[in-house]
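Please keep the structure open beside you as you read.

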Amino acid sequence: MSANSSFPFSLPATFPWTRILSSLVAIPIALSVTFLGGWYFTAGFGIIVYLGQQEYFQMVRAKGIAPAAKTTIFVTQLLLILCTVSPSLADAVVPVAGTLICFYLLFQPKLATIADIASSILGLFYCGYLPSYWVRLRAMGESSSLHWSLAIPDRWPAWNDVSIGLKLTVFTFACIWAADIGAYTFGKLWGRTRLSQISPKKTVEGSVCGVLGSIGIAILGAYWLEWPYWEVSGLVLGSIVGIASLLGDLTESMMKRDAGIKDSGHIIPGHGGILDRADSYVFTAPLVYYFMTLVLPLMSGGS
């Protein structure tokens, strides 16, 4: 009798222990700073954005491009701080930052190229400006005075006392998770039609199931949050998050493919780089934020 026959339910040798252990460490930390909010969330998110930008600029340099990496990273962290202190001023950072980036590159000893400028601006937009909406989303419904507090609350607030920003952030996370899990699981089971040459493992069937998973969670969340026309609002938001999550994944895959690398980095054991794990989150926060501030008020009659 072989050793395997004694243990019919033993796990395969390729079981992703490293991947699971990394998730068991990362997920509680991410949820903790999300629940605490304020400067805790900004600081934690700032670290993620910093590491993600480092990976992005590493891919850019692999193409022989010389971006203004330090300047872009600095103004991005300033942007995250302003999103916490005064979100109304945050949008002013982008044109000012673009001007500073161009100024820096144009006065370097080595003549800058269009690619140098374009990759720097993309690094600001893709790795900084778009993700900064997570800070704005988390801060919704909270007074500015709360953002300056670093005190850890001594009790968990009652449901009615939880800010809409926390509810929306966790709600959006759940939609993204449903989209990722649905696409991966059903793509493995039923996937036959390749979605794009950018990412050969992605299938049309898996992608559709991922969007449907996001819609299902969004409809439940819309009912839970008592949104007007919750069936419709949940359908719209779930579709937005599911599609944006997929596009974020494909965008990062396109950049990796162009740079000729498999993973954006190796900082997370078993998962790859920060961008490999956070690509689904890049485009979602701005769309959810403007859905909440522009679309949902229209659906409720402006009330």
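## Core, salt bridges and a loop

In this predicted model, the largest nonpolar core holds 53 residues, and those with the most contacts inside it are Trp 134, Leu 168, Phe 171 and Trp 227. Setting aside its neighbours within four places in sequence, Trp 134 is in contact with several aromatic residues, including Phe 41, Phe 45, Phe 173 and Tyr 281. Its contacts also include Thr 169, Thr 172, Ile 176, Thr 284 and Ala 285. As general background, nonpolar side chains in soluble globular proteins tend to be buried together.

Now for the charged side chains. The count of salt bridges comes to 5, and three of them are set out here.

| Pair | N to O distance |
|---|---|
| Arg 136 and Asp 91 | 2.9 Å |
| Asp 249 and Lys 202 | 3.0 Å |
| Asp 276 and Lys 256 | 2.9 Å |

Take the salt bridge between Arg 136 and Asp 91. This pair links distant parts of the chain, with Arg 136 in helix H7 (residues 133–139) and Asp 91 in helix H5 (residues 87–106), 45 residues apart. Arg 136 counts as buried because its relative accessible area is 4%, while Asp 91, at 34%, is partly exposed.

Next comes the salt bridge between Asp 249 and Lys 202. Asp 249 sits in helix H11 and Lys 202 in the loop between helix H9 (164–190) and H10, so this pair ties together parts that are 47 residues apart in sequence. Both Asp 249 and Lys 202 are buried.

Asp 276 and Lys 256 form a further salt bridge. Asp 276 belongs to helix H12 (residues 274–278) and Lys 256 to helix H11, so the pair joins parts 20 residues apart in sequence. Here too, both residues, Asp 276 and Lys 256, are buried. Salt bridges also link Glu 252, Lys 256 and Asp 276 in a network.

Finally, have a look at the loop between helix H10 (204–224) and helix H11 (230–259), where Glu 226 lies. Glu 226 has a phi near 60 degrees, a positive value in a residue other than glycine. Tyr 229 is found in the loop between H10 and H11 as well, and its phi is near 50 degrees, again positive in a residue other than glycine. Are these two residues buried or exposed? Glu 226 counts as exposed because its relative accessibility is 71%, and Tyr 229 counts as exposed because its value is 57%.

Definitions and conventions
Residues numbered from 1 in each chain as written. Predicted model: local features only at pLDDT ≥ 70, side-chain atom pairs only at ≥ 80, totals over all residues. Heavy atoms only, no water. Core = buried A, V, L, I, M, F, W, Y, C linked by side-chain atoms within 4.5 Å. Buried < 20%, exposed > 50% of the residue type's maximum accessible area, 1.4 Å probe, protein only. Contact = heavy atoms within 4.5 Å. Helix = DSSP H or I, 4+ residues; strand = E, 2+ residues; numbered from the N terminus. Salt bridge = Lys/Arg side-chain N within 4 Å of Asp/Glu carboxyl O.
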